[in-house]
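Dear colleague,

Please find below the structure that I am handing over to you. My findings follow directly after it.

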Amino acid sequence: MIGPPRNALTRRDVLRATLLGALAATGAGCSAVGAGLLDTGPAPGTLAYWNLFGGGDGVRMQQMEDSYRAANQAIDLQAVTLAWGNPYYTKLALATVGDRPPDVAVSHLTRMKTLAAGNLLQELEPEDLARHGMTAGNFNRRAWEAGLVDGKAYAIPIDTHPFVLFYNTEICAEAGLLDATGKLSPIKGADQFVDALTKAKQVTGRYGATHGINSDTASPWRLFQTLYAQLGGEVLADEGTRVVLDDDKTKQVLDFLRLLTVEKGLMPGSVDYQGAIALFATGAAGFHLNGEWEISTFQAAKTPFSMTLVPNIFGGDYAVQADSHCLVLPVRPDQDRARLDLALGFVRSMLDQSRTWAEGGHVPAWQPFARSEAYRQLTPQSEYAAAADAAVYDPPGWYSGSGSNFENVMGGAVGAVEAGGMSATAAIAQIRSKLSHLASTAPPA
Amino acid sequence: MASVETTIPEPTRVTSPERPPTRAKREAQPRGHGRPALLFLAPFLALYLLFIVGPALYGLVMSFFDTSMVTSGFGQFAGLDNYAEALTSSDFWAALWHTIWFTILTTPPLIVLALVFALLAERASRARWFFRLAFFLPYILPSAVVALIWVWMYTPALGLLSRTMTALGLAEPNWLGDPDLAMVSLAITTVWWTLGFNFVLYLAGLQDIPRDLYEASAIDGAGPWQQIRMITLPLLARTTSLVVVLQIIASMKVFDQMYIMTQGGPNFATRSLLQYVFDVGFTDFRTGYAAAASTLFFVVVLAVSTGWLVMTRRQEPEL
């Protein structure tokens, strides 16, 4: 008799309690979210830093962060590493639009300008920079000037990372391509380059050189841009609103690349980024064309190798495709002088550790180190230091820059020619049509 | 003490006066049911509104504006410009075709092979668990793992498949580098990976077919092939229509494999529509236009699914 009603009540009680509990929990959750949303900012002693470095670069950046922490124990450095490319720039843009940006962030020089155009980056005043010893003259001139937007600085370049030529010292010695000091004899002009690759191929029995083509639009673009710029060619003008592709020069470059892959079989026309690295690391090719950052990979693989500038193939003024890693200060609502100095102090600390950074292959932008004897002693990293002064950056434009759709359009077409699936003429038509569409689209910022 | 005090008045309160209200409640039940049901659904509904319906509506509104990732707010009103741009963009149509082509390449084998393997696994007299597990196992792998395994198998000059082909004296196909072959290679990977899901659905369907039908037909002299054709397949029809619609939707949503294995290449030959949306939205920062493209895609998927459901509904009375 007593059982059922008591049960009924208890059940209701339980339900009510559960509901109350759930509401309380939701309330607590909401207040936590609310606190997160309304939070006015991190404590004064913290410094949030976002970067996009993996692999060997990631390890070196952590060393640099650690030594900053050791020297500034009162500051809580919160370093976050995110996957490079779209996810990184998306998060950086959204965090800044949402008023919760990091104090300092890494950006590619060629991607920074779209962020600056969207008013997401703080302009860096010369007097603020000077307080921390950072004057324009202390940076590689080309990197510094390429980073200016309407003559104003929004980014501090820490390096230049050019496209370089890796060569296997054992294979090249056997092929008679090294000079008396054991370095690659200078290669000048298309014929000498073909000749060097042919000799290397005779030694390896497989390929002369490799670079990523399949599912890799960046490498074909970087190689194309290097050769095309040596001919003096440009792709975009007027901040990307005009396509100024030179058909003759483009065809000349594409025909040469096709000669190397399809006609002479000196380079594989169908290999992906990792495959191209693996072929070079295992001695199936004497040369490898890639960004200098892969130095760590080949050191780890114990490949006998060295590095040098990509040769001047077409005899014009020397030029080589490159980009720079920069440190930027996103716009934040609570900016004051103290936070600015904290952030700039961190930037300066990174520059002072240029040696650690240069070991990863990047050419230092910080001249006090770049001009030092210590850097000159650092080989093979300093062998291609001249690339920083001959660096050609992706043309300015909202859809351009490292990892952009511009590189996809260019690299996709160049890769298709190298794979033998497309004629140079068809590639030019495709590039022109896709770029014209982008050029005529209103910029998002 | 307290318990005694509370329990004693209860019977009087509960037993006698409550009877009439119970009857009243029972009469009102069809309507009264709603509130507790809603309460129980509330946690789900709140999350559903917050994370599915809300963003979907937001996206729909965004598609009429020049919304950008690098500025706050909706930006300038664009009217139907974004839709007009998508519908006249050759890249949009190419990407849509790639998605449809992928669906055409993957749906038939994923249904036929799943059915065949389910029938075979069901017939195995020994180690049945092994066959069931073996076909289902790839499905539990994350897409990134599957993609990495297959990228290495497809790698020219070094990969397992390429080496096997050259060892057999055949020309080495450029699996992921040939624009015509790349989509087929992705389809092969996908079939291997997701076959297990349809396979399990068919296994479940097979369990529902009464054994005595087979017995009776065997007595009437039906062979195994006749049994499959006259009993198994017709009785699996409902499973098949479910599998087909789920498979079409799954295939049209393809993104991971291309994004990881080919980046939409070579030369955009495998860029699916979702990757196109990703490219314009997240690489170009043009979220308003990306929202318009994804709304159009939503309409396509909705039309295909509705079309299929209407077709199978009509068939159902005959089954």
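In this predicted model, strands β1 (residues 46-51) and β3 (residues 104-108) of chain A run parallel and are joined by two bridges. Within this pairing, A:Trp50 has A:Ala105 of β3(A) as its bridge partner. β3(A) also pairs with strand β12 (residues 325-328) of chain A, here in the antiparallel sense and over four bridges; A:Ser107 stands opposite A:Cys326 of β12(A).

β3(A) is mostly covered, with five of its five residues buried. A:Ala105 and A:Ser107 point one way from the strand, while A:Val104, A:Val106 and A:His108 point the other way.

Turning to the two chains, 38 residues of chain A are in contact with 33 residues of chain B. On the side of chain A that touches chain B, the elements that give two or more residues are α1 (3-38), α3 (86-97), α4 (109-117), α11 (273-281) and α17 (405-418). The residues of that side comprise 22 nonpolar, 14 polar and two charged ones.

Some backbone details also deserve mention. Most residues other than glycine have a negative phi, and most peptide bonds are trans. A:Asp238, however, has a positive phi near 50°; A:Asp238 lies in the loop between β7 (236-237) and β8 (242-243) of chain A. A:Asp238 is exposed, because 11 other C-beta atoms lie within 10 Å and a residue with 12 or fewer counts as exposed. The peptide bond from A:Thr379 to A:Pro380 is cis, with omega near 5°, and A:Pro380 is found in the loop between α16 (373-377) and β14 (391-392) of chain A.

Yours sincerely

Key. Residues are numbered from 1 along each chain as its sequence is written. Chains are lettered from A and ligands numbered from 1 in the order in which they are written. This is a predicted model: local features need pLDDT of at least 70, side-chain atom pairs count only at pLDDT 80 or more; totals for chains, interfaces and linings use all residues. Two residues are in contact if their C-beta atoms, placed from the backbone, lie within 7 Å. Ala, Val, Leu, Ile, Met, Phe, Trp, Tyr, Cys and Pro count as nonpolar, Asp, Glu, Lys and Arg as charged, and the others, Gly among them, as polar. A residue is buried if 20 or more other C-beta atoms lie within 10 Å of its own, exposed if 12 or fewer, and partly exposed in between; C-beta atoms are placed from the backbone. Two strands pair if DSSP finds at least two bridges between them.
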